[in-house]
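Okay, thanks for coming, everyone. I'd like to talk through the aromatic and nonpolar side chains in this one, so let's get it up on the screen.

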Amino acid sequence: FGQDNICQKSNVISPFLNQFLNANSNDLVSQTADNSLRYFGLKSKVVSKFKKLENTIALQYESNLETLNNDFLVNNNSNSNFENQSKINQNIVSAETGFRYNFSKIIDLTSSLNYIYTVFKNNSKTDYSAILNPKISLNLKKTGFGNFIFSYSENSNLPEINFLTNKNQLTDYRTFNKGTNYEKPLKNNIFSFSYNLYNDEKRFSVSTGLFYLKSKTIFTTQNTITNDFSFGNYILTDGGESYNGNFSIVNYFRKLKLATKLETSQNWNTMPKNVNNSFANLKSHTGFYKFSGTTYFNLPLNFDFGLGYNFSESTFNNLTSQNNTKEAFMNINYKITKTWLAELNSTFYQLKDNFAFVNAVISYTPTESRFSYRFMLNNATNENEFTLISLDNYTAYKSSINLVPRYVLMTIKYRF
């Protein structure tokens, strides 16, 4: 069982929006949301084994009701052109059967077939759909070269309520989005490969994964962009494709008493977009690189440290936007006594501007007491604003976050 409610009110300060609404420059524009989700589910599973074969049969029933109620106000007066009242009611019955066959201690093959029947009610319209989701996986485990997994799956999913709104909805200070009618489930195919190698004696491990996703049908936006606003309508269209890869290597140097980790993840994505009545592919690439280390000295003093680099790029209609950030961190732990511990945490970000954050903590935990005490100094450098630049679809966004000024906090904890 579950119940979820979200109530929110947003005041939007934008001279462009007031002008678009034919409102006075000092009129207050706001949007309220009263959204809820109520669900119930029951699942039963039976597992049977016969020599090298393992079989699973699962039955499931799920019912959920989701509502989205948004009011758009100008000086507390409703504007019905941008109000949304949407409702989704789903009743889902599914039956899944799965098999695992162990050819040997090293090789096994797993497969599953999931049949899903859904009664999907969107506002006053009712649709019935039957979905088959197959999956197959070949596992090579505990080999001399590590563990390998090859898998393929097909997935069909029902749309979220935000794709089915009946009117334009303000999603930020200069963007309106409107949903569409439900037509059919969204489908995609996924091919994946993963590899893991663990050597406990040498305290060394390698992990990598490759994923390819081909979307047969997706929701994309049909956008009209003006000098001041972007108006988007969700439409169902042929999908794009996505390539994902990740790699990490962990090593422990016994003589140095140092553990290090080198990791990266990459994503290339191609998705069709319609802007100003012109279809084109939006291509994006994001990359993440990080090196970190932890010391294990037989001393009161130890360190955590690391460097990171994030890269993002999007190309649409021969226009390219790029953004990158760099970060570094250093944490110092000093064990004063068995009961006293001091920590110094520092993080540095290099964006368009540079930011440095330093926090300090002193902890006192008596060995024969239910009480423990902490003294914290947060934001020692007294940074007052943090500016983020991000890429979203084919536009770049800049946002500033006001930070809590430097402060001191003392806590007392009692353990029952």
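Before anything else, when I say contact I mean heavy atoms within 4.5 Å. Take Ala23: leaving aside its neighbours within four places in sequence, Ala23 is in contact with Asn18 and Val74.

Quick housekeeping. This is a predicted model, where local features need pLDDT of at least 70 and side-chain atom pairs count only at pLDDT 80 or more, while totals for chains, interfaces and linings use all residues. Residues are numbered from 1 along each chain as its sequence is written, and side-chain values use heavy atoms, with hydrogens and water left out.

Now, which residues make up the largest nonpolar core? A core here is a set of buried Ala, Val, Leu, Ile, Met, Phe, Trp, Tyr and Cys residues joined through side-chain atoms within 4.5 Å. Buried is under 20% relative accessible area, exposed is over 50%, and partly exposed is in between, with a 1.4 Å probe and protein chains only. The largest one has eleven residues: Val12, Leu17, Leu21, Ala23, Val29, Phe72, Val74, Phe82, Leu170, Phe176 and Phe229. Another core, of seven residues, lies apart from it, and its members include Leu68, Ile88, Phe120 and Leu164.

On to the rings. Phe, Tyr and Trp rings (the six-membered one for Trp) pair if their centres lie within 6.5 Å; planes under 30 degrees apart are stacked, over 60 edge-to-face, the rest tilted. The structure has 33 aromatic pairs. For Tyr364 and Tyr373 the centres are 5.9 Å apart and the planes at 20 degrees, so that's a stacked pair. Tyr364 is partly exposed at 26% relative accessibility, and Tyr373 is partly exposed at 27%. Tyr414 and Phe416 have centres 5.0 Å apart and planes at 85 degrees, so they're edge-to-face. Tyr414 is partly exposed at 38%, whereas Phe416 is exposed at 87%. There's also one aromatic cluster formed by Phe20, Phe72, Phe82, Phe176, Phe229 and Phe231.

Last stop, the surface. Trp340 itself is partly exposed at 36%. Which strand gives the most to that patch? Strand 25, with four residues; strands are DSSP E runs of at least two residues, numbered from the N terminus.
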